[in-house]
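My notes follow the display.

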Amino acid sequence: MTFDLKLYSDQLAQLVAQPSVSCSAPQWDMGNRKVLDLLADWLEARGFQCELLAVPGKSGKYNLIATKGSGAGGLVLSGHSDTVPYDQNRWQSDPFSLTERDGKLYGLGATDMKGFFPAVLAAIDAVADQPLAQPLIVIATADEESSMSGARALVELGRPKARYAVIGEPTELRPVRMHKGIMMESIRVRGASGHSSNPALGKNALETMHGVISELLTYRSELQTRYRNPGFQVDVPTMNLGCIHGGDNPNRICAECELHFDLRALPGMDNDELRAAIDRRLRPIAERSGTDIVLSELFAGVEPFEQDEHSALVKACERLTGHTSEAVAFATEAPFLQSLGMETLVLGPGSINQAHQPDEFIDIQQLAPAVDILSGLIDRFCIQPDTAASEPPVSDKRN
């Protein structure tokens, strides 16, 4: 079946035209229902049973689960329906009006990641004349760009159930089987104010924070000595001290200081264990300084992700793309779907380098190959699911 660029562009234009920004700042945050309504209409027309599931505690936020076929195995094709905020005055065109120029389609979410869904629809159409032996499930989630509340809600439901899952984040059609986790944390030091002429009149939170930062940097060095994974471009866990606020005047002892930082762990590390270790290291500083030190999450983190390189899904994706699976530094919903018992991998059209910036685009040359890969995955795991285990070894086009 020949790839229909006009149909793809028309569908992507409709998705882009429906704003679905998710953000921790309330003035930016909005719902995603209209995006999911479009997807549900298109999928129902293709024989899928669609469910819109409200995300608990998130007004106007929904997940979509669309299912065709039945069985204990099958394939999930997953994407998020939200986008990041945008700087409209820095765009050369309307972010909500899909624009084609120089072989690229421009629009907010074009690559991250509304552009994945029309490719999924085209892949479904390409194999529409073949019956499914195992189910094909398409999911669209809410709030991946802010809290990942949509994926967390699916985990709480224990759905969807399948054997394999592919998340269509922009990877330039290279299979990704590993990524780092992310924690975003706050450390607040509470001391006591006083006149700066006599340090004994207060407890300086800024001075205590100096000790906190020193301890964090020591811990970072220890982690980077202990953990290393050559599959990553930055092959050690990272910790970034992002921002700090404290005090109000040079002649007052600072009573309160707050630091925000992130920590990106490698596969094999555990966010809860890291957080507990940091908390333990802060307690002696609090005791020595006589201050209160409170460690808290800025958002519920995402665990590191790794899928076995010998798994059937990794082998199939390597074979279909011609590329050996890779690692990336950015986090995705992969750990959540993997926790539901599915082999999971990240693979989609577009480049992460175009995401989260003005004039976001998806390269048209990526689209037809993406449809071929996705239709190949549907064939492999839903139409002829017994063929995956007995295929020849992968060759790497990069070698």
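In which strand does Ala 327 lie? I find Ala 327 in strand β14; helices (H or I, at least four residues) and strands (E, at least two) are DSSP runs, numbered from the N terminus.

I note the basis before going on. The model is predicted, so local features need pLDDT of at least 70 and side-chain atom pairs count only at pLDDT 80 or more, while totals for chains, interfaces and linings use all residues. Residues are numbered from 1 along each chain as its sequence is written, and side-chain values use heavy atoms, with hydrogens and water left out.

**Ala 327**

Leaving out residues up to four places away in sequence, Ala 327 touches Met 178, Gly 231 and Phe 232 (contact means heavy atoms within 4.5 Å). I also checked Pro 175: 152 residues separate it from Ala 327 in sequence, and the C-alpha to C-alpha distance is 8.6 Å.

**Second largest pocket**

Ala 327 is one of the residues lining the second largest pocket, whose space is about 240 Å³. A pocket here is an open set of points on a 1 Å grid over the protein atoms alone, where a 1.4 Å probe fits, with protein on both sides within 12 Å along at least five of seven lines; lining residues have an atom within 4 Å of a point. A volume is the space filled by probe spheres set on the points, which are joined across faces, edges and corners. Strand β14 (residues 326–328) gives the most to this lining, with 3 residues. Others in the lining include Pro 170, Arg 174, Phe 330 and Asn 353.

**Largest pocket**

I get a volume of about 710 Å³ for the largest pocket. Its lining has 26 residues, and those closest to the centre are Glu 144, Glu 145, Ser 146, Met 184 and Phe 299. β9 (182–190) and β12 (292–302) each supply at least two lining residues; β12 gives the most, with 3.

**Helices α1 and α2**

The axes of α1 (residues 5–16) and α2 (residues 33–44) come within 9 Å and cross at roughly 150° (axes are lines fitted to C-alpha atoms, for helices over the stretch in contact, and angles run from 0 to 180 degrees between N-to-C directions). That makes α1 roughly antiparallel to α2, a term for angles over 145 degrees. Gln 11, Gln 14 and Leu 15 in α1 meet Val 35, Leu 38, Leu 39 and Trp 42 in α2.

Note on methods
Angles under 35 degrees count as roughly parallel, over 145 as roughly antiparallel, 65 to 115 as roughly perpendicular and the rest as oblique.
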